[in-house]
Amino acid sequence: MASLCYNKGCGQRFDPEHNAKDSCMYHPGIPIFHDALKGWSCCKKRTTDFSEFLSIKGCTKGFHSKEKPPEPFSQEDTSDEPKAKPVEELIQGPKSAEKMQRERPSSDETRKLLPIKVSRSLEQALEKLNLSSKNKAPEGSCAGEAAAEVRAGNTCKNAACKAIYQGPESNTEVCSFHPGVPVFHEGMKYWSCCRIKTTDFSAFLEQPGCSSGQHCWMGKGDKKAVSCRQDWHQTSSQVVVTVYAKNPLPALSSVKANRTVLEVHIIFEGNKIFQAELDLWGVIKIEKSFVSMVPTKVEITLCKASPGSWARLELPQSRLHSGGEQEEAANAEEPGAAQGEDSDDSLSWSEEEDEELEMGGPSN
């Protein structure tokens, strides 16, 4: 009676009484699957097609074998220990808006300055254009500021001062600032008032002030408030807000945030200022968030407190707030706008709004 040969690569039936030492052509090696190639370890032929792999003829002659190869050893099958129960993984769906609002941290938390990373290309652009030298030197005090106009969380506008207004007691503190202007020349960075030169931009930004005076909590009015094109995108762990401000000045700009509020203050092209404040849709981690500045834009990278997708960048009631001429122009152009209508400066965008911006304005 014919028996089936179990040698790898053979699979033929044979008569045990006529089984010679050269009757079987088989593969003594093991199958190999690597980088989409299939073959046997005992010979060099490789193929990407599985049917061709099964048809590769044996490379070694020998006797047919009717012994079935042993089953692969499995420790789980032979172990007397009870099998562990599979762990059930619960997948939590998205939280409702009401639940997010209940769990949301207070927007009144102290706002902290986010670290600024300055690209080498921006350093070279500022040195080439020498924008900072065209600015008037900032004054060291803002005498006559109305305390009622200053709200908690405002940052001192004097150069190099990082003090934050907490209340009337903050006015008694001494302000350390640079009365001069930032200078970028031949790779060196320094303030015109003290001329402590360095090649490292981070070290330049951290230079303590060389003069003392009063804090300046409000803008000095010598900057022109303008609107900038904005954009945002997200991953599961980060939200990136982009402000297209050309040649931003890191030494005079600041971005502050707490876990639910983002405040942007960017000075660019010498005397232009862009300001924005918005209530974020979700919660962020301040310690892992940062700002990147390049010649064409400012990118604010916000680390999400928990992975997931945001429905939009800001809460529906949040709006971008800018001072001076920007708000006055908006009010003059849209005297009959409804209160519930989104502002053109809102940091929430749709694809239609992006197309309108590219075409030069909204279509009527």
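Colleague: What kind of model is it, and how are residues numbered?

Modeller: This is a predicted model, where local features need pLDDT of at least 70, side-chain atom pairs count only at pLDDT 80 or more, and totals for chains, interfaces and linings use all residues. Residues are numbered from 1 along each chain as its sequence is written, and side-chain values use heavy atoms, with hydrogens and water left out.

Colleague: Great. Is strand 18 buried or exposed?

Modeller: Eight of the eight residues of strand 18 (residues 261-268) are buried, so the rest of the structure largely encloses it. Buried means under 20% relative accessible area, exposed means over 50%, and partly exposed is in between, with a 1.4 Å probe and protein chains only. Strands (E, at least two residues) and helices (H or I, at least four) are DSSP runs, numbered from the N terminus.

Colleague: Which way do its side chains point?

Modeller: Val 261, Glu 263, His 265 and Ile 267 point one way from strand 18, while Leu 262, Val 264, Ile 266 and Phe 268 point the other way.

Colleague: And which strands pair with strand 18?

Modeller: Strand 17 (residues 254-257) runs antiparallel to strand 18 and is joined to it by four bridges, with Val 255 partnered by Val 264. Strand 19 (residues 272-279) is also antiparallel to strand 18, through eight bridges, and there Leu 262 stands opposite Leu 278. Two strands pair if DSSP finds at least two bridges between them.

Colleague: What's in the turn between strands 18 and 19?

Modeller: The two strands form a hairpin with three residues between them, and Glu 269 in the turn has a positive phi of about 50 degrees.

Colleague: Switching topic: how many residues are in the largest nonpolar core?

Modeller: It has 44, and Leu 262, Ile 300 and Leu 302 have the most contacts inside it. Strand 18 gives the most to this core, with five residues. A second, separate core of eight residues includes Cys 156, Ala 163, Cys 175 and Phe 177. A nonpolar core here is a set of buried Ala, Val, Leu, Ile, Met, Phe, Trp, Tyr and Cys residues joined through side-chain atoms within 4.5 Å.

Colleague: What does Ile 300 touch?

Modeller: Leaving aside neighbours within four places in sequence, Ile 300 has contacts (heavy atoms within 4.5 Å) that include Val 255, Leu 262 and Val 264.

Colleague: Now helix 4. Which of its residues are buried?

Modeller: In helix 4 (residues 120-129), the buried ones are Leu 122, Glu 123, Ala 125 and Leu 126. Down the axis they fall within an arc of 165 degrees, so they line one face of the helix. That arc is taken from the directions from the helix axis to the C-beta atoms.

Colleague: What covers them?

Modeller: The cover includes strand 9 (116-118), strand 11 (182-185), strand 12 (188-191), helix 5 (201-205) and strand 20 (284-294).

Colleague: Last one: is Lys 112 buried or exposed?

Modeller: Lys 112 is exposed, with a relative accessible area of 53%. This residue is found in strand 8 (residues 112-113). Leaving aside neighbours within four places in sequence, Lys 112 is in contact with Val 255, Lys 256, Ala 257 and Ile 286.

Colleague: Thanks, that helps!
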